[in-house]
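Welcome! Please have the sequence and the 3D view open while you read this briefing. We will begin with a strand and then move on to cores, helices and aromatic pairs.

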Amino acid sequence: MRSLDNALNYLGYRIRTIKDPKEIASVDKLILPGVGAFGSAMKRLQDKGFVEPLQEYIKQDRPFIGICLGMQMLFSGSEEFPDATGLGVIPTQVKLLKSPGLVVPHMGWNGMNIRREGSPLITPGEYNNEKVYFVHSFAAPLDDITKDWALATTTYGNEFVCMVNRGNIAAMQFHPEKSGAFGLQLLKNYLTKFPVEKKSTLSPLLPATRQTELAKRVITSLNVRTNNMGELVATKGEQFEVREIISDDEGNKPVKGDVKAVGDPVELGERFFSDGADEIAFLNITSFRSSPIHDLAMLKLLRKCCERIFVPFTVGGGIRDIYALDPDSVEEGKPVMRQFSALEVAAMYFKSGADKVSVASDAVYAAEEFIASGHKKTGKTSIEKIAERYGRQAVVLAVDTKTVYVPSPDSTKHHTVKARYPGPNGEKYVWWQCTVKGGRETRDVGAYELVKACEELGAGEILLNNIDRDGTNHGYDLDLVKMVKGAVSIPVIASSGAGHVSDFVDLFRETNADGAMAGAIFHRGEVDITDVKEHLRNEGFTVRL
């Protein structure tokens with residue numbers, strides 16, 4: 001909602017959020033955005049009395065556009081929740097994306113085939129093969145029913161309908177508010193060109209001109225924390241010394257000063273957006289030790305970034321159940337202590353503009369319990385609760401590992417692979433030990449076991465980091481990435497170690513990772529995002545330019 005609101009404000013429009021179903025009848029144009037799970041969304045619409053007014057509005061062919069889950073809810077149902085009933089405007093079911101070897105969710109930048117002429121939303125002549133941002137696991141296949149509605153299709157495993165339009169009713173599976181300038185233009189077309197005349201018709205379905213391809217994502221990360229002035233600044237990772245060391249000439253013991261800032265997070269985010277970053281990740285270091293409930297600086301940062309940056313945000317740090325002062329509850333003049341769930345913490349980030357949240361330490365503890373129980377779900381872990389409400393595509397598993405060399409697979413209970421290079425004592429095998437608390441504490445669980453467990457619990461993406469590679473500029477840990485890619489069927493983003501444009505090519509060529517994250521080399525201007533993408537394209541990889 002916040003991202004969409006900011007996109008429309010950027011275009012010069014203000015929107016009204018409808019809280020009473022009776023208001024639907026009085027509007028001129030209606031937008032139904034949605035993220036998360038089909039069943040949960042339809043239940044909330046039903047419980048709040050919105051279903052019948054929405055159906056009546058659409059039946060009258062008044063200007064309507066659905067976004068992502070807002071498009072799926074136009075259908076009669078979804079395989080995601082077979083018992084849930086949709087709005088029934090398009091009388092068929094949304095299906096799970098599935099094809100041998102397909103990574104689900106379909107997450108990232110893909111193209112379209114415009115299949116009809118005459119729509120005010122978009123025509124073939126207006127489209128120059130731009131890529132738009134998708135994040136979903138279910139979609140509408142192109143079949144005898146959907147072909148009467150299809151405006152555009154996308155290929156991911158099989159062909160699915162990514163835009164529909166009939167009269168004044170339109171919808172799109174991707175997120176225009178997160179699809180850069182092209183996405184903003186689509187929203188502007190809806191606002192300025194609808195309603196259409198009753199007599200206007202679209203052309204028959206045109207043939208698809210190509211198979212679209214999902215781009216390899218180039219993601220930039222920002223470690224942020226609060227300085228002594230209470231301001232949020234970009235700094236180094238938690239495993240580095242992030243404060244200035246102050247000493248005097250009299251030989252006194254040195255003391256720590258203020259945070260070493262590498263820049264303003266909002267300004268850096270804007271620069272990366274302009275340079276072509278496909279996503280931006282904010283890691284909130286402050287929340288490792290303090291309560292994110294009171295971290296107003298981080299929430300303010302997200303709101304500011306949403307006003308100026310139209311690509312997805314991932315936010316990590318402090319996503320866990322916590323016991324803290326409730327700023328909204330006061331008894332006898334004092335704030336009340338209460339339990340906040342990980343879902344409530346995540347909701348604060350989502351409402352401030354985040355598209356995804358990354359769960360790190362809490363995921364390790366949950367995985368340990370899950371494995372020990374014989375893989376029995378409780379529904380109470382942070383991953384399960386957030387995925388149920390917002391969809392698994394909104395939950396990123398952040399894995400921070402350290403390399404452990406062993407002489408043979410039999411010398412450890414953990415999953416090993418043959419080492420590319422021998423260990424310090426000639427060891428020939430390696431496993432990766434998971435850490436918590438920003439890498440300060442190790443746990444007796446390996447990356448292989450962790451990612452498989454958390455995929456079962458509901459994580460929709462993996463952010464994979466080898467702490468030993470941080471700041472080395474020696475390239476990504478290809479063996480670690482390759483192992484994890486072979487263990488799961490969800491997207492894997494590699495992090496830590498990039499120092500040259502060639503490192504990105506090596507990563508994608510050897511591991512087939514879905515994305516590459518880097519921070520310091522982009523902050524310092526040592527490598528330019530545009531140069532990385534041009535190099536990848538020259539090497540035959542699909543990228544968003």
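Let's start with strand 5, residues 106-110, which is mostly covered: five of its five residues are buried. Buried means under 20% relative accessible area, exposed means over 50%, and partly exposed is in between, with a 1.4 Å probe and protein chains only. Helices (H or I, at least four residues) and strands (E, at least two) are DSSP runs, numbered from the N terminus.

This is a predicted model, in which local features need pLDDT of at least 70 and side-chain atom pairs count only at pLDDT 80 or more, while totals for chains, interfaces and linings use all residues. Residues are numbered from 1 along each chain as its sequence is written, and side-chain values use heavy atoms, with hydrogens and water left out.

**Strand pairing**

- Strand 5 pairs with strand 7 (residues 132-136) in the antiparallel sense, over five bridges. Two strands count as paired if DSSP finds at least two bridges between them.
- Look for W109: its bridge partner in strand 7 is Y133.
- In a regular strand the side chains alternate between the two faces of the sheet.

**Nonpolar cores**

- The largest nonpolar core has 92 residues, and F282, Y349, I462, F504 and F522 touch the most other members. A nonpolar core is a set of buried Ala, Val, Leu, Ile, Met, Phe, Trp, Tyr and Cys residues joined through side-chain atoms within 4.5 Å.

- Helix 6 spans residues 265-275, and its residues P265, V266, L268, G269 and F272 are buried. They are on the same side of helix 6 because they cover an arc of only 160° around the axis; the arc is that of the directions from the helix axis to the C-beta atoms.
- On the face of helix 6 turned away from the buried side, you will find the exposed residues E267 and S274.
- D264 caps the N-terminal end of helix 6, with a side-chain oxygen 3.1 Å from the backbone nitrogen of V266.
- Just after helix 6, G276 has a positive phi of about 105°.
- Helix 11 (residues 447-457) has the buried residues A447, L450, V451, A453, C454, E455 and L457. Just after helix 11, G458 takes a positive phi of about 130°.

**Aromatic pairs**

- The count of aromatic pairs comes to 12. Rings of Phe, Tyr and Trp (its six-membered ring) pair if their centres lie within 6.5 Å; planes under 30 degrees apart count as stacked, over 60 as edge-to-face and the rest as tilted.
- F282 and F313 form an edge-to-face pair, 5.8 Å centre to centre with 75° between the planes. This pair links distant parts of the chain: F282 is in strand 16 (residues 279-284) and F313 in strand 17 (residues 313-316), 31 residues apart.
- F282 counts as buried at 1% relative accessibility, and F313 does so at 0%.
- Y476 and F504 also form an edge-to-face pair, at 5.9 Å centre to centre and 80° between the planes. Y476 lies in the loop between strand 25 (461-466) and helix 12 (478-487) and F504 in helix 13 (residues 501-511), so the pair ties together parts that are 28 residues apart in sequence.
- Y476 is buried at 4% relative accessibility, and F504 is buried at 0%.
- One aromatic cluster is formed by Y10, F273 and F310.

- T511 lies in helix 13 and is buried, with a relative accessible area of 7%. Its side chain reaches the backbone oxygen of L507 at 2.6 Å, and a polar atom of the T511 side chain lies 3.1 Å from the backbone nitrogen of A513. A polar contact is a pair of N or O atoms within 3.5 Å; within protein, one must be able to donate a hydrogen and the other to accept it, and residues adjacent in sequence count only if both atoms are side-chain atoms.
- N466 is in strand 25 and counts as buried at 2% relative accessibility. N466 and T401 are 65 residues apart in sequence and 4.8 Å apart in space, C-alpha to C-alpha.
- K178 sits in the loop between strand 11 (169-172) and helix 5 (180-193). Is K178 buried or exposed? K178 counts as buried, at 1% relative accessibility.
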